[in-house]
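Trainee: I am new to this structure and would like to go through it with you. Could we begin once it is on the screen?

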Amino acid sequence: MSEVQGTVEFSVELHKFHNVDLFQRGYYQIRVGLKIPSRIPHRLFATIAGQTGDSSLCSACVHENNVYSRIFQILYRNEEIVLNESMNFRVHLLLDGERVEDALSEADFQLKLDLHFTDSEQQLRDVPVIPMISSRTLCLHFHPRRGLHHHVPVMFDYFHLSVISVTVHASLVALHQPLISFARPGKGSWLGKGNLETGPDQSSMSLENLVFGAGYCKPTSSEGSFYVPSENCMQHAYKWHKDLCLLLLNAHRGLHMYYTLIMKEIPDLPQLKLEKLSVEDTLSQFCTELQVRYFLQHFWFIHTVFKSIENSDTDLYVRVGGIWCYQKVCCMFLFLKFISF
């Protein structure tokens, strides 16, 4: 099995914390983490939207790829605290190159929200050791074509009766050859549990076989640059390239449709005219460009195919990334408007 690196980005926003009936007065904090199954090699990076300087008790911070909200004090029953904190989780995953869409759809992404509490001001000097008193986990049903867009109230347990309103958006933003190293489950692990190993994997299928199919034979040194793959191999390469581009184009279309829906519902939001891509026409353009490059440079066919895949995916990455970033800004305005009501 040879692998493709996929990148999925999650945007999480904490809006209001509502004290229904907490038993204790004191200092509270929400901690947010994204959980990815250990069976999938991955790298996770957490950031706070708009934060450039050092954090403090009055602002959110990142600790070991978990995001800590600012510390807030609860004194009264039915008290409401407006947090308005946005964070991003960027996940790079190694996916089975022959079933990228299925692998992403089957990934069991989970968002963990922990409620921490202390009534000691001295303990605030060492924020990471503030004890957790309740926890909730959201199962995120992500699909690479549709993305994920949810706004949910999360209620903690009966003994810590309180609610935090959360918005979650997610989108596939990139597909390409593996560019970074990943930690993998150790050989002695069972059911994904055990030590992690970092480094390249000796996969049974090369990247050339993934692109050109199992029937591809690597040319000998005597054949050199005059070796031309068979028609079946080239058709397999064209189809593989087409499938990856189609998946990214559908991710772009899903984002564009959701953005359009938001603009119709809330016309007061900042308006930006975004390019609407025709999936069929753009896909045809990418496929034609690949075939033209191959016929012009068939002596360097491997470089030609890989470069075309890279260029097509880079173009789509820029387009998807652009609309994704702007949509996150618009959604922040959207829920700030709801909060102001």
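**Strands, rings and core**

Mentor: Strands (E, at least two residues) and helices (H or I, at least four) are DSSP runs, numbered from the N terminus. This is a predicted model, in which local features need pLDDT of at least 70 and side-chain atom pairs count only at pLDDT 80 or more, while totals for chains, interfaces and linings use all residues. Residues are numbered from 1 along each chain as its sequence is written, and side-chain values use heavy atoms, with hydrogens and water left out.

Trainee: In which sense do strand 10 and strand 11 pair, and over how many bridges?

Mentor: Strand 10 (residues 148-155) pairs with strand 11 in the antiparallel sense, over eight bridges. Two strands pair if DSSP finds at least two bridges between them. A hairpin of five residues joins strand 10 to strand 11.

Trainee: How many bridges join strand 1 to strand 11?

Mentor: There are 14 bridges between strand 1 (residues 3-21) and strand 11, and the two run antiparallel. Gly 6, for example, has Leu 175 in strand 11 as its bridge partner.

Trainee: How many residues of strand 11 are buried?

Mentor: Strand 11 (residues 161-176) is mostly covered, with 14 of its 16 residues buried. Buried means under 20% relative accessible area, exposed over 50%, and partly exposed in between (1.4 Å probe, protein chains only).

Trainee: And is Tyr 158 buried or exposed?

Mentor: Tyr 158 counts as exposed because its relative accessibility is 60%. Tyr 158 is found in the loop between strand 10 and strand 11.

Trainee: Changing topic, how many aromatic pairs does the structure hold?

Mentor: The structure holds seven aromatic pairs. Rings of Phe, Tyr and Trp (its six-membered ring) pair if their centres lie within 6.5 Å; planes under 30 degrees apart count as stacked, over 60 as edge-to-face and the rest as tilted. One of the pairs, Phe 17 with Phe 72, is tilted, at 4.9 Å centre to centre and 50° between the planes. Phe 17 lies in strand 1 and Phe 72 in strand 6 (residues 72-74), so this pair ties together parts 55 residues apart in sequence.

Trainee: Is Phe 17 buried or exposed?

Mentor: Phe 17 counts as buried because its relative accessibility is 0%. Phe 72, at 2%, counts as buried too. Ring pairs link Phe 17, Phe 72, Tyr 28 and Phe 117 into a cluster.
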